[in-house]
Amino acid sequence: MRKYQLILLSLLFSVAVSAQDVWLEASLKGGFGLSFLHNKNIADDASYKYQLSTAYGIGGRFAVNFGPFNGVSLEAMYNNLGQEYTYNLDASPGQDFVNNVEWSTIDAYLLYRYIRNRIYVEVGPMYSLVQKVNQTDGDVPLSQPELMYA
């Protein structure tokens, strides 16, 4: 009896799915722009100045769409971000030092998409994993900077 219920349920599901328009999407994505790491203590310190820092990311997307309005997608991105600060010390006036922080992340998204009138809304969870952190203060690389950002 249980076997017949399972067969009936799977048959009903396959008929319901085949009655809808189902299509798959696969895409590559990438970006380049500015990144900004805000720290209130550094922002409030007059001896530090934020510098424009660049960032880039590459990734992909795979989606299954059900009918004209609904879809589910899985996206992944590899990002390389950074922030550079210049600062001066009271002990050495007129000399600026550079503090540079760079980090790499992998982001994964599981999104539900609702499309209506050429406008869409995507909602869902995002998981972000920091791969590595590098920091140099002056010309000195810091050892294990990831411990300071955990």
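Setting aside its neighbours within four places in sequence, S104 is in contact with Y78, N79, N80, L129, V130, Q131 and K132, where contact means heavy atoms within 4.5 Å. This is a predicted model, in which local features need pLDDT of at least 70 and side-chain atom pairs count only at pLDDT 80 or more, while totals for chains, interfaces and linings use all residues. Residues are numbered from 1 along each chain as its sequence is written, and side-chain values use heavy atoms, with hydrogens and water left out.

**Around S104**

- S104 lies in strand β5; helices (H or I, at least four residues) and strands (E, at least two) are DSSP runs, numbered from the N terminus.
- With a relative accessibility of 3%, S104 counts as buried. On this scale, buried means under 20% relative accessible area, exposed means over 50%, and partly exposed is in between (1.4 Å probe, protein chains only).
- The side chains of S104 and Y78 are joined by a polar contact of 3.2 Å. A polar contact is a pair of N or O atoms within 3.5 Å; within protein, one must be able to donate a hydrogen and the other to accept it, and residues adjacent in sequence count only if both atoms are side-chain atoms.

**The chain as a whole**

- The secondary structure comes to two helices and eight strands, and along the sequence they follow the pattern α-β-α-β-β-β-β-β-β-β.
- The chain has 150 residues, of which 22% count as buried.
- Among contacts with a separation of 6 or more, 56% come from residues 24 or more positions apart.
- Accessible areas come from the Shrake-Rupley method with a 1.4 Å probe; for residues, only the protein chains shown count as cover.

**The nonpolar core**

- I42, Y85, V101, W103 and V133 make up the largest nonpolar core, which has five residues. Such a core is a set of buried Ala, Val, Leu, Ile, Met, Phe, Trp, Tyr and Cys residues joined through side-chain atoms within 4.5 Å.
- I42 is in contact with Y48, Y50 and Y85, leaving aside its neighbours within four places in sequence.

**Salt bridges**

- How many salt bridges does the structure hold? There are six, each being a side-chain nitrogen of Lys or Arg within 4 Å of a carboxyl oxygen of Asp or Glu.
- One of them joins the side chains of E25 and R61, at 3.1 Å from N to O. This pair links distant parts of the chain, with E25 in strand β1 (residues 22-35) and R61 in strand β3 (residues 53-66), 36 residues apart.
- E25 is partly exposed at 27% relative accessibility, whereas R61 is buried at 11% relative accessible area.
- R113 and E122 also form a salt bridge, their closest N and O atoms being 2.9 Å apart. R113 is buried, with a relative accessible area of 14%, while E122 is partly exposed at 28%.
- A network of salt bridges links E25, K29, R61, E75, R113 and E122.
- D44 and K40 form another salt bridge, with 2.7 Å between the closest N and O atoms. These two residues are separated by about one helical turn because they are four residues apart in helix α2 (residues 40-44).
- D44 is exposed at 54% relative accessible area, and K40 counts as exposed at 56% relative accessibility.

**The nonpolar surface patch**

- V22, F66, F69, V72, L74, L110, Y112, Y114, V121 and V123 form a nonpolar patch on the surface, with about 840 Å² of accessible area together. Patches are made of residues with over 30% relative accessible area and no salt bridge: like charges are joined within 9 Å, nonpolar side chains (Val, Leu, Ile, Met, Phe, Trp, Tyr) within 5 Å.
- Which strand gives the largest share of the nonpolar patch? Strand β5 does, with three residues.
- β4 (70-89), β5 (92-116) and β6 (119-123) each supply at least two residues of the patch.
- V123, in strand β6, is partly exposed with a relative accessible area of 49%.

**The loop between β5 and β6**

- N117 is found in the loop between β5 and β6, and has a positive phi near 55° although it is a residue other than glycine. N117 counts as exposed at 67% relative accessibility.
- R118 lies in the loop between β5 and β6 and has a positive phi of about 60°, although it is not a glycine. R118 counts as exposed at 85% relative accessibility.
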